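Work through the exercises below with the sequence and the 3D structure open. Each task is followed by a solution in steps.

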Amino acid sequence: MTNKYDTIIIGSGLGGLLSGVILSRKGHKVLIIEKNHQIGGSLQSFRRKNCDFSTGMHYVGSLDEGQTLNKLFKYFNLFDGIKYHRLDETGFDIFNIGGKEYKFPFGFDNFKKKMNEYFPDESEAIDAYVNEIQRTIKTQDIYLLKNQNQKIENINKYLTLNTWDFVKSITDNQRLQQVLTALNFVYAGEKSKSPLYIHALVNNHFMSSSYRIVGSTTQVADKLADQILKNGGKIVKNNAVKNLVIENDSITAVETCDGSTFIGKNIISNVHPATTMDLIAKDSIKKSFRARMKRKENTISAFAVHIVMKENTFKYRNHNYNFYKGEDVWYASNYDSNKWPEHYFMHCSVPKDGGEYTNTLGLLTHMLYEEVEQWAELPINKRGKDYKDFKTKKAKELIELATLQFPELKDNIIDFTASTPLTYKDYLGSPKGSMYGTMRDCNNPVGSYISPRTKVNNLYFTGQNINLHGILGVSLSAILTCGEFVGTNSILKEINDEK
Ligand SMILES: Cc1cc2nc3c(=O)[nH]c(=O)nc-3n(C[C@H](O)[C@H](O)[C@H](O)COP(=O)(O)OP(=O)(O)OC[C@H]3O[C@@H](n4cnc5c(N)ncnc54)[C@H](O)[C@@H]3O)c2cc1C
């Protein structure tokens, strides 16, 4: 009897935890099963030299009063005990493209003004850009937390419009085309595929206002877990789901690596859909469904260096710094292993004492899984000297590139460690360590869409592969997934009624 639940959630990433909060509040008896010893998925952090490093959440957008994430955080009690630091409103992201710096300020009016300063002859194109982005956002009801009357199946031009084609259509100025699309690293943009609505939503999210979480991102996972436990839910850690038993197109049992069996009326997988298919025996589900989930194209993976600095040597920057060695900011589309690294995204942690200097910072860029694939089958922490040497060599190359802009990095690094595509694959279960899960493709909007409902009667998906990645996308995915049980509009009403 004790192993019976209303809803079993596989994976305690942000999507799994948010779904757990919503459903446990609505009276569901919820169980979350997590394979790692730490909950949170991309919200996990680690400690080195007495410093906390967050692994997959460096800044969040639209957190000013009245904005979308602000409303969602109130609903999920994420202002309770967690501090957020507002980034520089005159330039929360700085882009260095071909040697010139461009700042992105908060707000579209300020953005227009700034772009007109950089490109005084391009006011018509800048207006056209901002108008189209704002028009696109207005079509996306769920992002505005408006009642759901839209169906994704009703493909409209916003799903099929290509970001890069749109930007090229409004100006011939090649530098402006690059600057307008410079934020594409945070959605792993691909020139030939990235839909305009993704570009619009992500830009709008960060340009509305951007914040850093003060301290580790684990606080967010812990705060959500506390609520689930208070509502009578249960979280099992360090125990991977290994098999979903299916009879007559429904899951009858969830089996885990320690030999336990759990029974749930409904199962929500917070794990990548392709990885979820590996948990189901062959022939127990429709071949076409499995093939479709396995075929999904994924966004490129990442390489990160986590750095500890000597005290008082690196001034805290209240912005992210995005460096592009060349002229083209679409790094995932132009990735060349022989030229790596050609880009980095640098973020610092907010000094705990409110002081002038930070003692941790991170450098993040793309990396192809194929570069580390040769070590994939070896056990974690036993991948040998070659792998360690590869990580160190790549980390040093990335640090060297950053040292060009930040010479104080040169002699003041106490310690560093690196994450590769294997790290993301091992810790998140995303195929090939994909950074943001499945790719949205404007050439195939229906084929690259994944619904919360699946072809298995009581199996649902949630997380970054549904809808959109990132803190905003995953929060909205949780609402859509839980909406299948308790009604999306009723959850949206509660969020909008929250004071
Ligand atoms: C390097 C990096 C930087 C990022 N920076 C930002 C940022 O600054 N801002 C932002 O908004 N977003 C950022 N993102 C994106 C954001 O972190 C993700 O979109 C989001 O956290 C994904 O949440 P999720 O719930 O989909 O799943 P995940 O975080 O992927 O969690 C999936 C969970 O499932 C578990 N699991 C897998 N298999 C099993 C199994 N068999 N049994 C049990 N459990 C299992 C995993 O261990 C994991 O805990 C970043 C991502 C990366 C990789």
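Two strands pair if DSSP finds at least two bridges between them. Helices (H or I, at least four residues) and strands (E, at least two) are DSSP runs, numbered from the N terminus. The model is predicted: local features need pLDDT of at least 70, side-chain atom pairs count only at pLDDT 80 or more, and totals for chains, interfaces and linings use all residues. Residues are numbered from 1 along each chain as its sequence is written.

**Exercise 1.** Find the strands that pair with strand 13, and state whether each pair is parallel or antiparallel.

*Solution.* 
- Strand 1 (residues 4–10) pairs with strand 13 (residues 261–269) in the parallel sense, over six bridges. Ile 9 has Ile 268 as its bridge partner.
- Strand 12 (residues 250–256) runs antiparallel to strand 13, with two bridges. Here Glu 255 is opposite Thr 261. Four residues lie between the strands of this hairpin, and Gly 259 has a positive phi near 90°.
- Strand 19 (residues 459–461) is parallel to strand 13 and joined to it by three bridges; Ile 267 faces Leu 459.

**Exercise 2.** Give the strand order of the open sheet of seven strands, then name its edges.

*Solution.* 
- The order is 8-7-15-16-17-14-18, with mixed pairing.
- Strand 8 (100–104) and strand 18 (413–419) are the edges, each pairing on one side only.

**Exercise 3.** Which residues is Leu 18 in contact with (C-beta atoms, placed from the backbone, within 7 Å), leaving aside neighbours within four places in sequence?

*Solution.* The contacts are Phe 76, Leu 224, Val 474, Ser 475 and Ala 478.

Definitions and conventions. Two residues are in contact if their C-beta atoms, placed from the backbone, lie within 7 Å.
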